[in-house]
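Me: I would like to learn how to read a protein model, one feature after another. Could you take me through this one slowly?

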2 protein chains.
Amino acid sequence: MQMSVATARNYVPESPRRTAQVIPAAHRFAAPDVSGLAGVVLHYARGTEIVAEEDPAEYIYQVVEGTVRSCKLLSDGRRQIGAFAMAGDYFGLEARATHGYAAEAITDVTLRLINRNAAFTAAGQDPAIARTLWEVTAKGLDASQRHALLLGRKTALEKIGSFLQEMAERQGCDAEVELPMSRQDIADYLGLTIETVSRTMTQLESAGTICLETSRHVLLRRPSELARLSLC
Amino acid sequence: MQMSVATARNYVPESPRRTAQVIPAAHRFAAPDVSGLAGVVLHYARGTEIVAEEDPAEYIYQVVEGTVRSCKLLSDGRRQIGAFAMAGDYFGLEARATHGYAAEAITDVTLRLINRNAAFTAAGQDPAIARTLWEVTAKGLDASQRHALLLGRKTALEKIGSFLQEMAERQGCDAEVELPMSRQDIADYLGLTIETVSRTMTQLESAGTICLETSRHVLLRRPSELARLSLC
DNA sequence: CGCAGTATTGATAGTTCTCAAAACGGGTGG
DNA sequence: CCACCCGTTTTGAGAACTATCAATACTGCG
């Protein structure tokens, strides 16, 4: 009755690789935000699956450079991207001992891997670390709830507006945005189809709100209009 | 262009009261799960607003009895319920110093209030408490991400199926569910309208999957069918 | 230059929403 | 105990937004 096999087109065929390049020990460093926790820095090529859904959660990841998508799949291939992790963001820190979502490199990425058990042990000895782990998780929860509002109650136009504004904010520029992800990624993040994303972008351009320099490079002509669209 | 004033019908007119009844000190107790943290137990009448969006986050709440909805509003009244908190569940534990969502009593509820600062202080001294605070938050994050998948990628039928199954699981019974919330609450939780919720329920009943004893009391005739619908 | 993947645009269908009205249920007061 | 009221739920008819199917442009790259 519903979209059975049809929507399987949301499935992204790229079969992700799973090879990481080990970086020399000299490059290891302790992040400023999780003081006391050292981490190994690794590189992953664009398209690589960093963790798969249900993988044992061995590490907590912090993005040093690049963009990572975390996503969940439905059995028929429909995909929902829960978040994009960019420089400074963490992912992979979860309640259960297995990952609840997959994480894939959208661009070439540099990640700092922190052993989960080591982190918990350190948190048990240093309240500051415990507090940081909690804050990282709590901020993720806040973002996820804001995202739920978008998914459940916003129109396509409002979703795209919110998305562009979010990306602009995260890049610290309110006049210009560089999108590291494909239209399919945006669609799966916003709960839309790739066609609707494309059409809505075009619609915003026709209205003079944005200008699509290229499909991945967007000028925000009227940020106030985007703010009005995102509605909160 | 989009739903402007129209969707304001999602707004729930009940103006929530904000009075709680103080329970005698004899009823205070330390919860088993956050050992070491005492809390004041309060009662809130059905319909009461327990915390408002942007209220200063003074307390962490644990539901002793009853059901609470946590929700966010869009400026035009569209509402998204992020979660239903039922016996044992926590809410109000957030990254920022203000609440990111409102919490309202769906039924008469009994809550245990834990002072936020006290909790953080205790967490700084007792790693077990710190760990528990983190776990509560992490589980909320996991639930929110699963919910995002539902909101972004499931059909109305799948949403209702998932919802009934979730409620059945939380009530520890796979043959029968008591719904403490209205159709409007269900709609705002699933990102649907009240009419679609009603129609879909009827559709499931016609198909013999469920039986609506009353609108709030549902018999699950074919749990396996519901499981198939929830798709994960 | 041509290929392959990605993005845009077009035409149409369909699920869900909107507007509207009727049915239901619970509580109250006579 | 029953009629009445009010809020909730269900049902109906039609519109609208977004998805689907399909074809055409792009873009980066070998």
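Me: In which helix does B:Q145 lie, and does B:Q145 count as buried or exposed?

Reply: B:Q145 lies in helix α2 of chain B, residues 127-153, where helices (H or I, at least four residues) and strands (E, at least two) are DSSP runs numbered from the N terminus. Because its relative accessibility is 13%, B:Q145 counts as buried; the cut-offs are under 20% relative accessible area for buried, over 50% for exposed and partly exposed in between, with a 1.4 Å probe and protein chains only. Not counting residues up to four places away in sequence, B:Q145 touches A:K72, A:Y101 and A:S144, contact meaning heavy atoms within 4.5 Å. This is a predicted model, in which local features need pLDDT of at least 70 and side-chain atom pairs count only at pLDDT 80 or more, while totals for chains, interfaces and linings use all residues. Residues are numbered from 1 along each chain as its sequence is written, chains are lettered from A and ligands numbered from 1 in the order in which they are written, and side-chain values use heavy atoms, with hydrogens and water left out.

Me: How many helices and strands does chain A have, and what percentage of its residues count as buried?

Reply: Chain A has six helices and 13 strands, and of its 232 residues 53% count as buried. Among the contacts in chain A between residues at least 6 apart in sequence, 69% join residues at least 24 apart.

Me: At what angle do α1(A) and α2(A) pack?

Reply: In general, two packed helices are described by the angle between their axes and the distance between the axes. Here helix α1 (residues 116-125) and helix α2 (residues 127-153) of chain A pack at about 125°, with their axes 5 Å apart; axes are lines fitted to C-alpha atoms, for helices over the stretch in contact, and angles run from 0 to 180 degrees between N-to-C directions. The two helices are therefore oblique to each other, since angles under 35 degrees count as roughly parallel, over 145 as roughly antiparallel, 65 to 115 as roughly perpendicular and the rest as oblique. On the α1(A) side the contact is made by A:A119, A:F120, A:A122, A:A123 and A:Q125, and on the α2(A) side by A:P127, A:I129, A:A130 and A:L133. By class, this contact has eight nonpolar, one polar and no charged residues, where Ala, Val, Leu, Ile, Met, Phe, Trp, Tyr, Cys and Pro count as nonpolar, Asp, Glu, Lys and Arg as charged, and the others, Gly among them, as polar.

Me: At what angle do the axes of α4(A) and α5(A) cross, and which residues make the contact?

Reply: The axes of α4(A), residues 183-190, and α5(A), residues 194-206, come within 8 Å and cross at roughly 100°, which means that α4(A) is roughly perpendicular to α5(A). The residues in contact are A:R183, A:Q184, A:I186 and A:A187 of α4(A), together with A:I194, A:V197 and A:M201 of α5(A); by class, there are five nonpolar, one polar and one charged. Eight of the eight residues of α4(A) are buried, so this helix is largely enclosed by the rest of the structure, and A:G191, which follows it, has a positive phi near 70°.

Me: Where is A:L212 placed, and what is it in contact with?

Reply: A:L212 is in strand β12 of chain A, residues 210-214. Leaving aside neighbours within four places in sequence, A:L212 is in contact with A:R183, A:M201, A:T202, A:E205, A:H217 and A:V218. From A:M201, A:L212 is eleven residues apart in sequence and 8.1 Å apart in space, C-alpha to C-alpha.

Me: In what order do the four strands of the open sheet in chain B come?

Reply: Strands of a sheet pair through backbone hydrogen bonds, either parallel or antiparallel. In chain B the order is β4-β9-β6-β7, with antiparallel pairing, and two strands count as paired if DSSP finds at least two bridges between them. The edge strands are β4 (49-51) and β7 (79-85), each pairing on one side only. Strands β6 (residues 68-73) and β9 (residues 102-105) of chain B pair over four bridges, and B:V68 stands opposite B:A105 in β9(B). Helix α4 of chain B, residues 183-190, lies across β6 and β7 of that chain, running at about 105° to β7(B).
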